Amino acid sequence: MDIDSIQNSLTTKWVGRRLFHFSSIGSTNQELLHLAASGVAEGTVVTADEQTAGRGRLSRVWHSPSEKNLYFSLLLRPCVHDPMQLATIPLLIGLAVAQELDGWIPATRTAVKWPNDVWVQGRKICGILCEMVPGKEGQPPAVIVGVGVNVNSDETIMPEPIRQTATSIFLERGRLVSREKVLVQLLQSMETMVEQWLRDGILPFLPALRERDCLYGEKIQMLLTGTPIQGTGAGIASDGGLLLRLPNGQQTTVYSGEASLIRHL
Ligand code: BTN
C-alpha cells in the first residue's frame with residue numbers, strides 16, 4: 001500500500017494523522033490495542049496489507065489475503081454521557097462504509113446488516129469489529145474500530161465457507177480499484193460522521209440507517225448467548241437496538257448477537 005499517497009490525499013483533522021502501516025501483521029486491532037495502551041492519540045490508524053491472525057466477531061478468523069483488501073483499525077476515545085451510545089459505533093461506521101461503497105459500486109445499493117456488517121445484494125462486503133478498553137479514573141474508553149473491506153479479492157482466493165456468502169468491490173464492479181483511494185474516502189467520511197455522532201448521537205443517522213436496513217421485514221434467527229430466537233426484523237430502534245417481531249406478535253429489542261436470514265440457513 002502506498003502510504004505517502006494516502007497521507008498526501010487525506011484532508012482530515014484528526015483521523016489518520018498518525019498512521020502505522022504493516023506489510024504483514026497478526027491483527028491491526030491487536031496492534032492498535034497495544035498502541036492505545038501506550039497513549040497514542042485519538043484518530044490513530046493502523047493498516048496492513050495482510051493479517052495472519054485477522055479477528056472477526058464471535059472468535060471467528062477474518063481471512064486477510066495479502067494486498068487484496070483493506071484491513072484497518074481506527075482509535076476513538078469518545079467522551080459520551082450515556083455509555084449506551086458506544087454500542088452504536090458499529091452501526092455508525094457501517095453506515096459510513098455503506099455510503100462510501102455506493103460510489104464505488106454504482107449499479108447497486110449497499111445495505112447495513114445490523115449490527116456491524118455491510119452487504120451488497122445479499123453478500124457480505126465489509127465486517128466491523130469494535131473492541132473497547134474502559135478508561136481509567138474518569139478517562140474516556142479506548143474504542144478500537146476494526147474494519148475489513150473486500151476490495152479486490154475474487155472467488156479464487158476466498159476460502160470455501162465464505163465463497164458463497166461474500167463479495168468484493170471488484171466482483172460487483174468488474175474492475176480492480178485503488179485500495180488507497182477507498183481508504184482515504186472511508187477515513188474522511190468516518191471523521192465527519194464521528195464528529196456529528198459525538199455531538200448528536202445516533203439519532204440524525206437513523207433515517208439513513210433505516211433506509212439501508214437489510215433485515216427489515218426479513219425472517220431472521222438471532223444468535224444470542226443461549227437459545228436462538230426467531231422473528232421478523234422490524235427496524236432499528238432509536239437507541240440503535242434491533243426491533244424484532246416475535247412469532248407471538250410481541251415486539252422486542254435486542255442489543256447484541258448475530259442475525260442470520262432464515263432463507264440463508
Ligand atoms: C466480522 O465481520 O466478523 C468483523 C471482521 C473485522 C475484520 C477487521 S480487519 C481489520 C481489523 N483487524 C482485525 O483483526 N479485525 C478487524
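Q: Thanks. To start, how many salt bridges does the count come to?
A: This is a predicted model, and in it the count comes to 12 salt bridges. One of them joins E258 and R57, whose closest N and O atoms are 3.5 Å apart.

Q: And which parts of the chain does that pair tie together?
A: E258 belongs to strand 12, residues 258-261, while R57 is in the loop between strand 2 (45-48) and strand 3, so the pair links parts that lie 201 residues apart in sequence. As for the pairing itself, side chains of opposite charge can pair when their charged atoms come close.

Q: OK, switching to the ligand: where does it sit?
A: The ligand sits in the largest pocket. The elements giving two or more residues to the shell around it are helix 2 (28-37), strand 3 (70-76), strand 6 (123-133) and strand 7 (142-149), and the largest share, four residues, comes from strand 6.

Q: How many residues surround the ligand, and which are the closest?
A: There are 20 residues around the ligand, and the closest are S27, Q51, R55, R57 and K124. Sorted by class, the shell has six nonpolar, 10 polar and four charged residues.

Q: Which atoms of R55, R57 and K124 do the ligand's oxygens come up against?
A: For R55 it is a polar backbone atom, 2.7 Å from an oxygen atom of the ligand, and for R57 a polar backbone atom again, at 2.6 Å. With K124, an N or O atom in the side chain is 2.5 Å from a ligand oxygen.

Q: How much of the ligand does the protein bury?
A: Taken alone the ligand exposes 410 Å², and the protein buries 98% of that.

Q: Last topic, the backbone: which peptide bond is cis?
A: The bond from W114 to P115 is cis, with omega near 0 degrees, and P115 lies in the loop between strand 4 (110-113) and strand 5 (117-120).

Notes
Residues are numbered from 1 along each chain as its sequence is written. This is a predicted model: local features need pLDDT of at least 70, side-chain atom pairs count only at pLDDT 80 or more; totals for chains, interfaces and linings use all residues. Side-chain values use heavy atoms; hydrogens and water are left out. A residue is near a molecule or strand if one of its heavy atoms lies within 4 Å of it. A polar contact is a pair of N or O atoms within 3.5 Å; within protein, one must be able to donate a hydrogen and the other to accept it, and residues adjacent in sequence count only if both atoms are side-chain atoms. Accessible areas come from the Shrake-Rupley method with a 1.4 Å probe; for residues, only the protein chains shown count as cover. On a 1 Å grid over the protein atoms alone, a cavity is a set of points where a 1.4 Å probe fits but cannot get out, and a pocket is an open set with protein on both sides within 12 Å along at least five of seven lines; lining residues have an atom within 4 Å of a point. A molecule sits in a cavity or pocket if more than half of its atoms lie within 2 Å of its grid points. Ala, Val, Leu, Ile, Met, Phe, Trp, Tyr, Cys and Pro count as nonpolar, Asp, Glu, Lys and Arg as charged, and the others, Gly among them, as polar. A salt bridge is a side-chain nitrogen of Lys or Arg within 4 Å of a carboxyl oxygen of Asp or Glu.
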